[in-house]
Every structure is written in structure tokens, then in C-alpha cells.
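This report walks through selected local features of one protein model. Please keep the sequence and the 3D view open while reading.

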Amino acid sequence: MTDSMWQGSGVDLDAYLARVGYQGDVAADLSTLRGLHAAHVDAIAFENLDALFGRTAVPLDLDSVQDKLVRQGRGGWCLEHVVLMAAVLDRIGFAFTALAGRTRIRTGSRFGPALHMALCVELDGERWLHDVSFGAYGPHEPIRLVENARLDGDWPFDLVREPSGEHVLRFLRPEGPAELYGFTTDVRYPSDFELLNHFCLTHPRSPFNRQIVLQRTQPHVRHLLAGRTLTEIRPGRPATLRELDADEMVSAPEEIFGISLEPGDIQTLHKLVSGA
């Protein structure tokens, strides 16, 4: 166990492992990294409900993040996921840094703000992109951080390198590759997270403070709810979309995304989606 800016000494590792359903020993090795990645994205959804509920802060201190994502059974947006995962990896003894990516799939732009955070893990002389926070289009396990790296199987991804030097993570869909985000390996710190968190919560161009965004990656299906549109993705098939009614919107967090909400939050969500 280490004691660093990633606060590994403060994480309740047993509670986290129970939350994500990870069984077996943990060690600073590739098998554990892969297992934790898959378990995390299966169990803990991406969600922006605090912003929609009008809360004035989304705390990024480890105690608050653990309470929300681990003890309350909630999800969180990418910064919360990365804070939690970084503390877990730090506790186990992994060596890693944080990096920032410019999301392309939502904006179609290569030059937007670098709002997405992920981790670069170093193991046995190799680097791995470890990203548990991108939601329904994100990878289900780490991908080696080298040019033309590839994840095969039901959910294929690759990494390409552009002339600018940016790495680009792509989701290899049946209808063609989708560029998820571009990034460099410039090191980012927890202080950088606070600036991005403020942007996501308050900026008028933030994609996360105007409509509901819920995302979850499971072994055989991925779901994305943006506004009232539910996208379902299955291996080897084009995505399907349908519009949810108000009752489905209220039940979706728990029934589709595995998010536990307090009764007061359910009432607030009902008012939001019904226009009351």
C-alpha cells in the first residue's frame, strides 16, 4: 500500500471489491487490472444526476466519492470514477499517472476542451490505458498504450496515432470506427480534476448539466440514455434507439443502469421528466 496524492490509504478496498463483485486475490499485476476494469464498468454506471438535481457541488474528495459510488450504490461522472479507481490502484500498489482526453464522439470536434480523464498504468515496462469512466462506448478492459494496439473480441477497440502526436481511442463498431477521444500522456493531477469538475457542473457548454446522461457497460449489452433517447448496443450489431416515456425515465436508473436512488431523488427525477 502506498500513501500518495491518490489517497490509497483512505480507500475501503473490501467495500469497493464487494460493490463491483470482484472475487479473488488482488495484486499489482495485469490480471488484477483487467479484472477490476471489467468489474467496475459492469457495476458502476456513468451518471450526471446530481447536476440535474440542481446540486451546487459534485465533491471529488475520496470520502464523498466512496460514499456515493460505493456505499449509496450510485454512479458518477468520469472524474468521480477516476478518483475512486485511482485510490483503489494506489492502495493495491500499481504505478500510474492520470491523463486528459478531448472527447470526439459527442461533439465531432477534435479541438474541444480536454474534459475526459483516464489513467495510464505502467506494468513490467509497458503502459496501459485504463479507462473505466467513458461510459457505454468505453473499453471493457485496459488496452496497451502503443500505436495500433487492439482489443479484439465482442467489443473491439484500437488505438491509432495521429501526425500531431495524439493517440486516438476508437470503438470498432459494425458500421465503422467511432473516434472516442484523442489524448496525450501529459501528466494531470487531482488539482486539474477540480477545474474540469467545475466546468462540467456550471459551464453553459457542458454536455452534462442540461439533460440526463446515464451509461453502463455490461458484458453482453451497453446502454446510453441521453435525454429521453435510450441507445442499446450489442456485439456485432448496429445500435438501436428508442424514446422513453416519463415512467420509463423514472425507472431507468435502477432497472437499466443499476443506480440506487433515495426516495427524495426519485421524486425529484419524476418532477423533472414530467415537467411538473
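G176 is buried, at a relative accessible area of 16%. The cut-off for buried is under 20%. This glycine sits in strand β9, which spans residues 176–183. From G176 to A28 the sequence separation is 148 residues, and their C-alpha atoms are 35 Å apart in space. The model is a predicted one.

**The aromatic cluster**

Seven aromatic pairs occur in the structure. Take W155 and F171: their ring centres are 6.3 Å apart and the planes meet at 40°, so this pair is tilted. W155 belongs to the loop between β6 (150–151) and β7 (157–161), while F171 belongs to strand β8 (residues 167–173), so the pair ties together parts 16 residues apart in sequence. W155 and F171 are both buried.

Y137, W155, F157 and F171 are linked by ring pairs into a cluster.

**Two helices in contact**

How do helix α4 and helix α5 pack, and at what angle? Helix α4 (residues 62–71) and helix α5 (residues 78–92) meet at about 105°, and their axes are 10 Å apart. The two helices are therefore roughly perpendicular to each other. The range for that label is 65 to 115 degrees. On the α4 side, the contact is made by L62, V65, Q66, K68, L69 and V70. On the α5 side, E80, H81, V83, L84 and A87 take part. By type, the residues of this contact divide into seven nonpolar, two polar and two charged.

Is K68 buried or exposed? K68 is buried, with a relative accessible area of 8%. Leaving out residues up to four places away in sequence, K68 touches E47, D50, V58, G73, R74, G75, G76 and E80. One of these, E80, is also among the α5 residues in the helix contact.

**Residues outside helices and strands**

| Residue | Relative accessible area | Class |
|---|---|---|
| Q7 | 36% | partly exposed |
| D124 | 80% | exposed |
| F111 | 75% | exposed |

Q7 is found in the segment before α1 (13–20). Phi of Q7 is near 65°, a positive value in a residue other than glycine. D124 has a positive phi too, near 50°, and is likewise not a glycine. The location of D124 is the loop between β3 (116–123) and β4 (126–130).

F111 lies in the loop between β2 (95–103) and β3. This phenylalanine is exposed.

**In brief**

Helices α4 and α5 are roughly perpendicular, and K68 of the α4 contact is buried. D124 is exposed, whereas Q7 counts as partly exposed.

Technical notes: Residues numbered from 1 in each chain as written. Predicted model: local features only at pLDDT ≥ 70, side-chain atom pairs only at ≥ 80, totals over all residues. Heavy atoms only, no water. Phe/Tyr/Trp six-rings, centres within 6.5 Å; stacked < 30°, edge-to-face > 60°. Helix = DSSP H or I, 4+ residues; strand = E, 2+ residues; numbered from the N terminus. Buried < 20%, exposed > 50% of the residue type's maximum accessible area, 1.4 Å probe, protein only. Axes fitted to C-alpha atoms, helices over the stretch in contact; angles between N-to-C directions. Parallel < 35°, antiparallel > 145°, perpendicular 65-115°, else oblique. Contact = heavy atoms within 4.5 Å. Nonpolar A, V, L, I, M, F, W, Y, C, P; charged D, E, K, R; others polar.
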